Amino acid sequence: MARRKALFWHERNRDNRVQCDLCPHGCRIKEGEVGLCRVRKNEGGELYTLNYGEIGAIAIDPVEKKPLYHFFPGRNILSVGTTGCNLACGFCQNYSLAHGTPPTSYASPKQLVATAVEVREQGSLGLAYTYSEPGMWYEYVLDTARLAHCQGLKNVLVTNGYIEEEPLRELLPYIDAMNIDLKAFNESFYRHTCRGRLAPVMRTIELCREQTHVEVTTLLVPGLNDSPGEIEKLATWLASLDPNLVLHLSRYHPAYRFRLPPTPVESLAAAREIARRFLNYVYVGNIGGFDNNTRCPSCGNVLIRRDGYLTSITGEKDGHCSACGAVVAYKA
Ligand code: SF4
């Protein structure tokens with residue numbers, strides 16, 4: 001594994017221990033040991049990142065697959081992920097990368113950006129740091145995102161939002177869009193199912209939406225975070241930030257340690273109806289059969305038509321709805 005001196009940590013002045021300041025866990029790590037995420041290690045009283053540039057998954061995906069529905073609809077993006085995670089969601093849908101030890105291969109920031117420039121010819125927007133938590137190779141994402149911007153490429157983060165404010169602020173100037181997981185709107189779910197806390201994720205969403213394009217995803221796990229009351233609270237809070245904030249409600253499938261059956265279609269439909277009372281753009285993912293077209297909130301005209309990952313812009317002209325002239329809330 002490629003190891004580099006980590007950013008954001010400090011000495012604890014006892015037995016060569018260090019404290020990692022990258023995420024809200026604030027792991028205090030003894031010499032020779034790793035943090036909760038398994039990818040940051042105390043070696044000789046200094047903190048190292050163990051997976052710098054170690055790519056565990058790479059593909060060219062539709063940007064809708066991130067999911068981002070209001071950011072250059074219909075375009076592709078080179079997507080990369082590494083190993084490790086700072087949350088421990090029992091239902092993890094990417095557990096082999098997040099919690100396993102899959103094979104990886106090294107690419108320097110320069111090499112990865114060169115590949116992203118090559119595939120720009122095929123309509124790719126830039127780079128998406130996704131599949132697992134991008135904070136897990138924070139130093140690599142920061143170095144690569146800076147270089148990518150110099151080449152005119154876009155940078156996208158698909159993240160659990162569990163990061164401290166200082167490293168986030170350092171990275172944000174290079175990030176053009178984010179999909180942030182809001183795993184539930186109850187503290188108990190975060191604590192018992194994910195080993196995290198809700199408040200830092202809310203702070204991340206608040207901070208990021210002021211500086212970049214943000215969409216939010218909630219994976220609905222039956223009986224744990226999909227009650228009508230919780231969906232109403234979640235949507236109300238998002239709408240208090242901005243009623244045009246895009247919400248993706250995703251279907252859970254049994255994975256990793258969870259054996260609950262998939263989210264019932266009726267729960268997804270009910271959650272969407274509730275969320276739509278507060279938010280202008282609510283989509284349902286990980287399942288077919290739902291109308292995921294983007295409609296003008298003023299007149300209902302279809303702005304973007306979607307059939308799976310096939311996307312066409314049908315009802316927009318010069319940033320306005322072609323039927324009623326309302327301003328449309330997406331980047332293209
Ligand atoms: S990034 Fe990893 S080592 Fe650092 S505080 Fe979070 S879980 Fe602990």
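Colleague: Over how many bridges do strand β5 and β6 pair?
Modeller: This is a predicted model. Strand β5 covers residues 40-43. Its pairing with β6 runs in the antiparallel sense. The number of bridges is 4.

Colleague: Which residue stands opposite Arg 40 in β6?
Modeller: Arg 40 belongs to β5, residues 40-43. Strand β6 spans residues 46-49. The residue facing Arg 40 there is Thr 49.

Colleague: Which residue takes a positive phi in the hairpin of β5 and β6?
Modeller: The hairpin has 2 residues between the strands. A phi near 65° occurs in this hairpin. The residue is Gly 44.

Colleague: Which strand pairs with β6 over 2 bridges?
Modeller: The pairing is in the antiparallel sense. Arg 4 has Thr 49 as its bridge partner in β6. The strand covers residues 4-5 and is β1.

Colleague: What is the order of the open sheet that holds β2?
Modeller: The sheet has 3 strands with antiparallel pairing. Its edge strands are β2 (9-11) and β4 (28-29), each pairing on one side only. Strand β3, residues 18-20, is joined to β2 by 3 bridges. The order is β2-β3-β4.

Colleague: Which residue in β3 is the bridge partner of His 10?
Modeller: β2 covers residues 9-11. It runs antiparallel to β3, residues 18-20. The partner of His 10 is Gln 19.

Colleague: How many charged residues are in the shell around the ligand?
Modeller: The residues around the ligand include Cys 20, Cys 23, Cys 27 and Cys 37. Among them are also His 25, Arg 40 and Asn 86. By class, the shell has 6 nonpolar and 4 polar residues. The charged count is 1.

Colleague: What distance separates the centres of domain 1 and domain 2?
Modeller: The domain assignment gives domain 1 as 4-49 and domain 2 as 54-292. The centres are taken over C-alpha atoms. The separation is 26 Å.

Colleague: How many residues of domain 2 are in contact with domain 1?
Modeller: Domain 1 brings 14 residues to the contact. That side of domain 1 divides into 9 nonpolar, 2 polar and 3 charged residues. The number from domain 2 is 16.

Colleague: Which peptide bond is cis, with omega near -5°?
Modeller: The proline in question lies in the loop between β8 (57-62) and β9 (76-81). That proline is Pro 67. The cis bond runs from Lys 66 to Pro 67.

Colleague: Which residue other than glycine has a positive phi near 50°?
Modeller: Its place is in the loop between β8 and β9. Pro 67 lies in that loop too. The residue is Phe 72.

Colleague: At what angle do helix α7 and helix α8 pack?
Modeller: Two packed helices are described by the angle between their axes and the distance between the axes. Helix α7 covers residues 228-241 and helix α8 covers residues 265-276. Their axes lie 9 Å apart. The angle is about 35°.

Colleague: Which charged residue is in the contact of α7 with α8?
Modeller: By class, the contact has 7 nonpolar, no polar and 1 charged residues. From α8 come Ala 270, Ala 271, Ile 274 and Ala 275. In α7, Pro 228, Ile 231 and Ala 235 take part.

Colleague: Which residue in β18 stands opposite Thr 294?
Modeller: β17 is joined to β18, residues 302-307, by 2 bridges. These strands run antiparallel. The residue opposite Thr 294 is Ile 304.

Definitions and conventions:
Residues are numbered from 1 along each chain as its sequence is written. This is a predicted model: local features need pLDDT of at least 70, side-chain atom pairs count only at pLDDT 80 or more; totals for chains, interfaces and linings use all residues. Two strands pair if DSSP finds at least two bridges between them. A residue is near a molecule or strand if its C-beta atom, placed from the backbone, lies within 6 Å of it. Ala, Val, Leu, Ile, Met, Phe, Trp, Tyr, Cys and Pro count as nonpolar, Asp, Glu, Lys and Arg as charged, and the others, Gly among them, as polar. Axes are lines fitted to C-alpha atoms, for helices over the stretch in contact, and angles run from 0 to 180 degrees between N-to-C directions. Two residues are in contact if their C-beta atoms, placed from the backbone, lie within 7 Å. Domain bounds come from an automatic or database domain assignment.
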